[in-house]
Amino acid sequence: MSGKHKHASPLIRNAGLRPGVFLNDPRAGSETGAPVSAASAVPLLSRRHFLANTAHGLGGVALAWLLSRDQAHGAAPSSHPPHFAAKAKRVVQIFCCGGVSHLDTFDYKPELERMHGKTLEGKGENLGFFGQPGKVMKSVYEFRQHGRSGAWMSSLLPHVAGCADDLCFIHSMYAKSNNHTPATFQMNSGFTLNGFPSMGAWLSYGLGTENENLPAFVVLPDPRGLIAGGSINWTSGFLPANHQGVPFRTNSREPIVDLNTPADIPSKARIADMNLLASMNREFAEAHPGDGAFAARLRSYELAARMQSSIPEATNLDSESDATKKLYGLDDDSNKGFSRNCLMARRLLERGVRFVQIFNGGSFGSPRINWDGHENLKENHDTQAATMDRPVAALIHDLKQRGMLEDTLFVWATEFGRSPSTQGINSPGRDHHPTAFTCFLAGAGVKKGFHYGASDEVGYFVAENKVTVPDFHATILHLLGIDHEKLTFYHNGINRRLTDVHGKVIEGILA
Amino acid sequence: MVGLAAVLCPRLSSAADSSAGPVDPARLPVPAATTIDFTRDIQPLLSANCEKCHGAEKQKGGLRLDAKSAALKGGDDGKVIVPGKSAESRLIHLVAGLEPDKPMPPKGERLSLEQISRLRAWIDQGAPWPDDGKAVRVRNDHWSLQPVQRPDPPTFVNRKSQIVNPIDAFILSRLVTNGLALSPFAGRAALIRRLSFDLIGLPPSPTEVDAFVADKSAGAYEELIERLLASPRYGERWGRHWLDVARYTESQGFEYDRLRDNAWHYRDYVIRSFNDDKPYDRFMKEQIAGDVLEPLTGEGIVGASLLVCGPWDEAGNGQANVTQRTITREEEMEDMISVVGQTFLGLTINCARCHSHKFDPISQEEYYRVKSVFDGVKHGERPVASMAETRAREQRLAALRKDIAGAQSIVARIESEGWKRAAAQRRPGAKELPGPTPFARWTFDATTNFVMPGKLKGGAKIEDGRLRLAKDGAFYQTAPLPRDIREKTLEAWVAPADLKQGGGAAISIESEDGSVFDAIVFGERQPLKWTAGSGGFERTRDLDAPQETSPPGALIHMAIVYRADNSIAVFRNGVPYGKPYTPASPLQTYQSGSARVLLGMRHTGGGRPFLTGEIKQAALHDRALSKEEIAASFQVSGLAVPQAEILAALNDTERAERDVALAQMKALREVLNGVKPVPMSYVGTRIQPAPTKLLRRGDVTLPGDVVTSGGLAAVFDLEPEFGLAADAPEAQRRLKFAEWLADARNPLPARVMANRVWHLHFGQGLVSTPSDFGVSGARPTHPELLDWLAAKFIESGWSVKTLHRLIVNSATYRQSSAIDDLNRQRRDSRQIANHESEIINEAQRLDADNTLLWRFPPRRLEAEAVRDAVLAVSGRINLEAGGPSFRPFDALKFPANAFMPVDKIGPEFNRRTVYRMNVNSGKEPLLDAFDCPDPSVKTPRRGVTTTPLQALGLMNNSFVQRHAAHLAERALKESENDLPRAIRTAYRLALGRAPTKEESKRALAAAKSRSLTNVCWALLNSTEFVYVR
């Protein structure tokens, strides 16, 4: 067996690995990706900046403990080299739950106007979730061209339309399922089932982190509610647990669970307790030489203490300028707090988080809190767009003005599109539609003001350059320098991949 | 090896048109001069060289050479074998290269002249082929498929003292070859801690440690083993391991993630089975077919839950699109086949869903044969009782219900008479009868209904002869149905408060949990419209009917008829509302004793289920009314005749008769209510499935041939063909499979289970991929030992506890975990005075992963064991076993569930972690950080990570804080508030040892300057606490 590539990155380590060797190692703490290098770095923050924020929140307590031990020095971050030169170092994804209508946003179909009120024929079995399609319905919004690239976009998302020349649209997306959760799972993990590692977990596993003081994969749920399936959407599945997405409670003084020292424990006491614990753990590790896991535990407490400062610092928006706050719409309640998440995402990216996933929309609710416009598409999309449009455009703009769009990949996705015909007779709603929809990318390594693929005359099927979800994932990995066929992990008989046995890089959109 | 493909494609020339040039038989090798035996001489040749392209999976050119009839029939271009005439047989031409464009096999080595001679001789001798119509099998040479042998343990002359049982001989044999040895025994305190965590998942108490350390008798260790194996805590520990593999979950996952309130029966079954040391072959059979094994027991029924205890896509199963629904079902079947294959056989049969297995000898056809075995298994719950119990209970209930229905019909007949008279008085001159008599009617001037009395809920009121539903949450719910209702008519006189509302229902009939229902729904999928609402919209259609315009407060008469032919017709104010239709989903039977009627609510557990407004009258008919009857019923709309008028219209005889019947009903109903419900459990339901078809490329739109149920041919010593027809009864299929699986000649289950037990004792398996014994899985590090264990396991009557005894008794298990102990020993025995670190380096260099087990591998406790240990040492653990799970979360129900983990306080929440409700979409952060897997993932081995989030959890989680305080409190109490003694007690409780002098001193200082709780916090956070050595 060849499981002895001890210090190689998982990419290399798992490439020729006989199944399941390293997980079995009693030193699995180090072997499965736990951060055990000598010390961590604060790459995008100076130590002074770090210290300046110690007064903020309870995290300062632990940091003071760390500094008293004089261990807060920098060293190489525990990131792993990619397969080949990466265009992107990090990813931010906006995920719009519920299924955004491509026909009413980015995929202009004049034919729908001609067909309006007629019965759509010749498309085979009805693909909707509820069945019983009514007549064809033209877009409920006006379309016009935007930017120098002349992108046709609807009046629904004026701010996003303002970014048209930075965006790279894929109009030929194709989902495997017409059912929310399987389709969402597929977008997140490549599979339509529960329990497969999400893309963020794969990235954490493949690339590690650039800042050990923050999780590699951060999830920012919609303040209005969690997406259906909750944590299944950011699970590490069968990958080691340290790669799972960490959901941030973006409106809480404790952004992640168990971050803060309990309020009734005085700072001094906690510092003394941490010292006591450290001596116990150090003595134990010294008494048992050769077991790396024991040293890893010592180190994990140091990192935990750092996180107590770094997470509140990263999620605190107070230091942002008024102009920035205004840009995102923090002053405007109509986006229901979604603007905070977008701004927070930029801060997290700046600080080296590998993958930030921002959900726009949660599950169900009455009225709905996602893009699932079954009953009345216009009413629904109007409401959702009011939350999403400005903050998303602001994020793109902000990344760009800070030069971060150069090496950050921006992804906007939804699980499927919506049907050209109404759902039910005389209804103003649209049903789920998996066989053609639109997503877009921007930033590192992708063409600007570009349109790839096309749906047919009414946006029903893909007409050219079909892009499956595995293709989409393969491309994202490619931009991060990862060969999607080589990023594997053995689980129950199969060297699993994000892209299963499918996926090809969409060469046509690469800059 | 590739086969005859290209040549036999219809597009290419056939032998008949001979474009490849004339065949010259003289160029063929001469036929062999011996008598050919097909099985011995020909079949292996075909199997090795041809079947990859012309076998069960692929039939290039339409040709199959693995089965008699197909082979003799030939391919798309006709026959390739002409019995008696080898020179004219195209098979011979092709393998001999007479058609130069199409040499066969096209890749790899060609057949030798000798082989071709043999083939010719066979054809010339008439191409005899055994007449059983199927391929002759050849044993695959993969290690795990060979019969289990019981190898003799190696013998040692010099190291006998190190050998406690044969396990040590096998282990030592490899160690010695590599210049290593077993480490000395661990100290007794370490040993009891190790054994306790391993067998029962809890730390030993200080008293137990003391007793064991002091007990120098020869049998002390064996006694300890027996005590732990006999503890009910043992099943909780090992049951949890099993649940990892079984992907046991207590919620559905996917969109709705509904809770499975009664899935715990299976968890308890597993725990019980381990505690009882149920023979493992029986354990396997029950989990495959326990619900059909004679004699039928509640235990067996629950066992079969394994098949469905994973996630289930309710939305996907309920949606309108047939293709997508079928895909959802196929995914479900793959999950089921995965769990059966991986858990028991260590084979990933699931990899053969779209194509034959890439590595293992499992064909795509076999995947579908196994699928056929389980095709009748559906998700859902069912009663758990033995056949005899069920029958007796059902007879009793049926008799009671019959009597109630009899009395009811008397009341209904008399009241109906009274109704007619009273109604006629109110409408003098009306010619027609005032409508049909319902099975149950609700009016709200007084209760006239005794079939299904009900309760006002959520602020519903009765005022002015109407049921007032002023706000969301108000509704009326009846008692359970007194008998089954199938075809039916729902009827309501309703006035919505406003027409903007949506999703509520005037009247609904629903199953106990509300997942199945039929209802008169307003404005749900389409605003302003009425529909026949149903669970998952299965029987719902958007109707081409006008939008509602009725002003607030005005009564509308709505009726929906559900006919026996499954057609559904909706009526508004006595006339059809949209066209009648027939849904794809069948007519529902609502079961007596559990189903009920709701007024003002769509169904239990639904989103936006409430109707606001008023209901003047509602009725449930146990038959489909004609449109004339509906019209008549509408005619008497508003004729909610007051009870008093009905009674007044009766004569004395009628009144007396009615009173007697009512009294009878009351008495009978009390008896009925006293009959305890049969417990329900998430065991799955069963249907008789349609014959199973192979799906080409796993694609539901490409069905192929029908296949019958069977096992795997790779299990060579067993017959894979069950002899069942394609339409064989569902139960028969699983019974046959269970027999096949648990047959002692099947070499896989015993090996797989022996390895699991080993793996969980050492943290590493003899095979490091415990659910994959296939070609891509790991090879055993000690194959003879694995076989020896498997053989002992079978000999013991499949006793898992026997495996434990063998393993934990061994010197291998009892070794020290310290690296330097081995070095010390080596130094002593071989007089090497190297620097210690060099020796460590050498040991690490020789076998860094400790694959050969030169020491006991230290292991971090699993998530559950960490939590249980915290509870145990704090003294607050609640050892109540079994029953419904505790729920440490708040659940938001929309209709989907969202779970917010909450650290709830109270004895219920101090139960062992195996009794925690294990839901999919809301992970418990502390357990999660300790690598507690997603319940939906089949997890034969858990990850072990060390992360800052884990540290934060132990540092700050309120559960840990609280129990640190409890530990301090306990230590003080047990030490009569003497602080130094309390520190000693806390150390002994948490770490199983007393503190050193240094440690005591330091802890005392800490406790004095802060508190003992702070010291206890450090103990619970310490590496030593979460590790077993």
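Pro105(B) sits in the loop between H4 and H5 of chain B, where helices are DSSP runs (H or I) of at least four residues, numbered from the N terminus. This is a predicted model, in which local features need pLDDT of at least 70, side-chain atom pairs count only at pLDDT 80 or more, and totals for chains, interfaces and linings use all residues. Residues are numbered from 1 along each chain as its sequence is written, chains are lettered from A and ligands numbered from 1 in the order in which they are written, and side-chain values use heavy atoms, leaving out hydrogens and water.

**Cis peptide bonds**
- Going from Met104(B) to Pro105(B), the peptide bond is cis, with omega near -10 degrees.
- Another cis bond runs from Glu294(B) to Pro295(B), with omega near -10 degrees.
- Pro295(B) lies in the loop between helix H12 (280-289) and helix H13 (298-303) of chain B.

**Positive phi**
- Ala127(B) isn't a glycine, yet its phi is positive, near 50 degrees.
- You'll find Ala127(B) in the loop between H5 and helix H6 (166-177) of chain B.
- Ala127(B) is buried, at 4% relative accessibility (buried means under 20% relative accessible area, exposed over 50%, partly exposed in between, with a 1.4 Å probe and protein chains only).
- Phe254(B), also not a glycine, has a positive phi of about 55 degrees, and it's buried at 6% relative accessibility.

**Cysteines**
- Searching the whole structure turns up 0 disulfides over all chains (a disulfide being a pair of cysteine sulfur atoms within 2.5 Å).
- For Cys354(B), the closest cysteine sulfur is in Cys351(B), 9.8 Å away, so that's too far for a bond.
- Cys354(B) is partly exposed, at 36% relative accessible area, while Cys1016(B) is buried at 0%.

Notes
Helix = DSSP H or I, 4+ residues; strand = E, 2+ residues; numbered from the N terminus.
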